[in-house]
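Student: I would like to learn how to read the packing of helices and strands in a structure. Could we go through an example together?

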Amino acid sequence: MRLAALLAALRPALPLVLGLSLGCSLSLLRASWSQGGGEELCLGAAGRAELHGGAQPEAAEAWPGQGHEDFRPRIVPYYRDPNKPYKKVLRTRYIQTELGFHERLFVAVLTSRATLNTLAVAVNKTIAHHFSRLLYFTGLRSAKVPHGMVLVAHGDERPIWLMYETMYYIHQHFGSDYDWFYIMQDDTYAQAEQVKALVTHLSINQDVYLGRAEEFIGGDEQARYCHGGFGYLLSRSLLLKLHPHLDSCRNEILSVRPDEWLGRCIIDFLGIACVSQLQGQHYRTYELAKNADPEKEEEEDFQAAIAVHPVSDMTLMYRLHKHFSRIQLERAYQEIQELQMQIRNLTSLTPAGEASLTWPVGINSPFLPKSRFEVISWDYFTEQHLFSCLDGSPKCELSGASKADVSDIIESALEQLNSRYQPLLRFSKRQLLNGYRRFDPTRGMEYTLDLLLEAVTQKGHSHVLVKRVSLVRPLSKVEIIPMPYVTEATRVQLVLPLTVQDLDFVSNFLDMYAMNTLDTHDNALLTLLFIYHPYDAQRVSQVDVFAGVKAMVGELEKRYAEVKIPWISVKTEVPSQVKLMDIVSKKHPVDTLFFLASVWTEINMEFLNRCRMNTISNWQVFFPVHFQEFNPALVYRGEQTASSSTDFLRDGHFDRHSFAEACFYNSDYMTARTKLAADILDRDEVLESMEVFDVFLHYSGLHLFRAVEPGLVQKYALRSCNPRLSEELYHRCVLSNLEGLASRSHLAMALFEQEQANST
C-alpha cells in the first residue's frame with residue numbers, strides 16, 4: 001500500500017524526470033561527438049589543400065581555428081582628437097548607397113548614321129521598356145535624336161574609335177553604378193527578359209567576358225573574342241581592370257572589326273578570353289539566314305536563343321519580337337497552369353481541404369471588411385455610360401481608358417466562354433445588360449458582367465440566353481519607378497497670403513514657425529503677402545490693418561538677428577491664387593522651392609522634409625491633403641479634449657476639398673504659367689477661376705502628387721468664402737466648411753440632444 005501511494009504521488013513528476021534524463025543523455029552524446037570532430041576538421045583542411053592542387057602548407061594553416069586572433073571580433077574604441085574641431089558626419093540618404101549596392105544591368109547599343117532612324121528605333125521600341133538604363137552610341141556629330149532615345153554622339157564614325165570612346169564613356173559615367181554591362185549592335189535582336197535572367201544567375205565576383213566565342217582570323221585557336229553582332233556581357237570588375245589599358249589598346253592594336261579589337265585588348269592585357277558558357281549558364285545565339293521567316297523557324301537553337309543576328313530591317317525586328325513574345329507568353333501560361341495544379345493538389349491535404357481554395361487559383365482571396373465602413377463599393381456601368389463619375393455626377397459617358405477597359409473585359413469573357421464550350425457551343429455577344437467593377441487592393445480589379453448571348457450549336461441551332469460571368473484582372477508584378485534623387489538640404493521658401501479675415505490666426509502661425517524652424521535652424525524662409533482691399537489700401541497711411549502683423553515680424557527679427565522676414569503688399573478685391581503667385585514668382589530665383597501655405601497651417605520639420613522629398617524639379621509637384629480638426633464644440637460638447645492617437649484621428653478628417661497648400665519649384669511654375677498665358681492671351685479674368693493646382697494640372701506634363709499628409713494638422717476655424725471667386729472655388733470652400741464641422745455620428749448626437757432639449 002505504501003509503495004502504491006508513493007507511486008501515485010510521484011506520477012505527476014514522472015514526465016519531468018524522464019525529460020531531464022533524456023536531455024542529459026543527449027548532451028553527453030553531443031559532447032563526445034564534438035571531441036571526436038577535431039581530427040576530422042584537420043583532415044578536411046588537408047582535403048581542401050589537395051582539392052585545389054598545389055596549395056601551399058601555409059594555406060592549410062591559415063584555416064581559422066584556435067590561436068588565430070585575426071578571425072576573432074574585437075571592439076575598436078572610439079577616439080576623437082580633442083585638438084581637432086568636431087565635424088558632423090554626413091550620411092547618405094539611402095542604405096543602398098551607404099552599403100555600396102549597385103544597379104544590376106546597363107545596356108549600350110552601337111548604331112550608325114544609316115540605321116539610327118530605322119533599326120535603332122526598332123530596338124528602342126522592342127527592348128527599351130525592359131531595361132532601367134539603355135543608351136545609344138554613335139559616331140555622328142550633332143545627330144538628331146529620335147523621340148524616346150538617349151543618344152551619346154562621339155563625333156567620329158571610325159568603328160575602332162567608336163568602340164574605344166564607348167568603353168571609356170561607360171566606365172567614366174556608369175562604371176561605379178552597375179554590376180553588368182551588355183553591349184550590342186542595332187542589327188541584333190535580344191530577348192530582354194532572358195538577358196536580365198542571365199545576369200541574376202552569374203556571380204559578380206568574377207571577371208566575365210561572355211558572348212558568342214569566335215576565333216581570330218589567323219590567330220591562336222585558344223584565344224577567342226565575343227562576336228559583336230550577337231552582343232556580349234562584361235562584368236564590372238573586368239571593366240575596371242580594362243580601363244587603364246584602353247589607351248594602349250587604341251595605339252598598339254590594329255584591327256578592322258571593333259569587336260575583334262576589344263577582344264584582343266582584353267586577352268592581351270587581362271588574359272581573359274570570351275566564353276559562351278559560364279557558371280552553368282549558356283549564352284545561346286542564332287545566326288539568322290537571309291530572307292528568313294521567324295514563323296517558320298522551328299529549330300531548338302532558334303527558340304532558345306538569347307540573341308539573333310543579323311536583323312536586316314525594322315519589319316523583321318518587329319516580327320522577331322512578336323514571335324519570341326508569343327513564346328514567352330505561352331511559357332508563362334503553361335507555368336501558371338502547372339502552379340495552379342500544384343496548389344489544387346496541396347490544398348486537398350490541408351485541414352480545411354478544398355473549401356479553402358480561392359478563385360482564381362493562386363490569387364489572393366477577396367478583401368473581407370471588418371465593418372461597414374470598410375466595404376468596397378461596386379461601380380455600375382454599361383457599354384456607353386459609367387454611373388460612378390470622378391466629378392460626383394451620377395452618370396457620365398464612358399470614354400478613354402475606362403471604355404477600352406470595358407471593351408477588353410467583354411472580349412476576354414467571350415474568349416473564355418468559347419474556349420470552355422467549343423466545339424459544342426459558340427457564343428457571340430448581343431448586349432451587355434449590367435456591368436459591375438471594383439478595385440480590391442489585395443488582388444486587383446474585379447468584374448461581374450450580365451451578358452445577353454447568342455449560343456449556336458454544331459448543327460446550327462441558335463438560342464438567346466443571359467449568363468453572368470465574373471472576372472479578375474490581378475495585380476501584376478510591382479515595379480519600382482525610377483525617380484530623380486533629392487535631398488533634405490534644399491531651402492524651402494514659405495509663402496503666406498494674408499487677408500483681413502486672417503488676422504486672428506497670424507500670431508499662432510508665427511509662433512509655430514519660430515518654434516519649429518527658427519529654433520531648430522531649419523533651412524526654411526518665410527515671405528508674407530499682405531492682401532489689401534482697395535478701401536483699406538487708401539487708408540493705409542492713417543490706419544494700417546496689418547500693423548499688428550508687421551510688429552510681430554519686427555519682434556521675431558529682433559529675437560533672431562540672422563533672420564529677415566520680407567513682406568509684399570498687394571491691392572485687389574479678388575485674391576486669386578494664381579495672380580498672387582505671379583507676383584511672388586518674379587521676386588525669387590528660378591530654382592526656389594516654394595511651399596504655399598495657409599494661415600491655419602502649423603509648420604513642422606517632419607512635413608518640410610516630406611515637401612522637399614516629394615517635390616522634384618522638372619518631374620513632380622506635391623499637393624498635400626491636410627488633416628482638419630472638427631469643431632470642438634460639436635465633438636466634445638463641453639467634455640475634455642481626447643489626447644490618444646485614435647481619438648485624434650477620429651476627431652477630424654483629411655480635407656480633400658482644399659488645395660491651399662502646395663510644394664513646387666519656381667521653374668516648373670514659370671514653365672506652366674507661360675503655357676497658360678499663351679492659351680488665355682489677355683483674358684486675365686480667367687485667372688480668378690483657377691488655382692495653382694489647375695495650372696499644373698492642365699498646363700504642365702509633370703507628375704501631380706496628391707496625398708494625405710498626417711504631419712500637416714490644422715485647428716478648426718470657419719473659413720471665409722469670397723463670393724467673388726468662381727462658382728467652383730466658392731462651392732469647394734463651402735463644402736470644406738460644412739464637412740469640417742463634425743463627423744456624421746457627432747452631428748447626429750448633437751441633433752438628438754437638441755431634439756431632447758426641445759421636447760422637454
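Predicted model: local features only at pLDDT ≥ 70, side-chain atom pairs only at ≥ 80, totals over all residues.

Student: At what angle do helix H15 and helix H17 pack, and how far apart are their axes?

Tutor: In general, two packed helices are described by the angle between their axes and the distance between the axes. Here H15, residues 503–518, and H17, residues 547–559, pack at about 15°, with their axes 10 Å apart. Angles under 35 degrees count as roughly parallel, and H15 and H17 are therefore roughly parallel to each other. Their crossing is right-handed.

Student: Which residues of H15 and H17 make the contact?

Tutor: H15 contributes Leu503, Val506, Ser507, Leu510 and Ala514, while H17 contributes Val549, Met552, Leu556 and Arg559. Sorted by class, this contact has seven nonpolar residues, one polar and one charged.

Student: Now the sheet: what is the order of the six strands?

Tutor: The sheet is open, with mixed pairing, and its strands follow the order S3-S2-S1-S4-S9-S6. At the edges are S3 (151–153) and S6 (209–211), each of which pairs on one side only. Within the sheet, S1 (residues 103–110) and S2 (residues 134–138) run parallel and are joined by four bridges, and Val109 stands opposite Tyr136 in S2.

Student: Which strands do helix H6 and helix H8 lie across?

Tutor: H6, residues 119–127, lies across S1, S2 and S4, running at about 170° to S2. H8, residues 192–200, lies across S1, S4, S6 and S9, and runs at about 135° to S1.

How values were computed:
Residues numbered from 1 in each chain as written. Heavy atoms only, no water. Axes fitted to C-alpha atoms, helices over the stretch in contact; angles between N-to-C directions. Helix = DSSP H or I, 4+ residues; strand = E, 2+ residues; numbered from the N terminus. Parallel < 35°, antiparallel > 145°, perpendicular 65-115°, else oblique. Left-handed = near helix turned anticlockwise from the far one by under 90°. Contact = heavy atoms within 4.5 Å. Nonpolar A, V, L, I, M, F, W, Y, C, P; charged D, E, K, R; others polar. Pairing = 2+ DSSP bridges.
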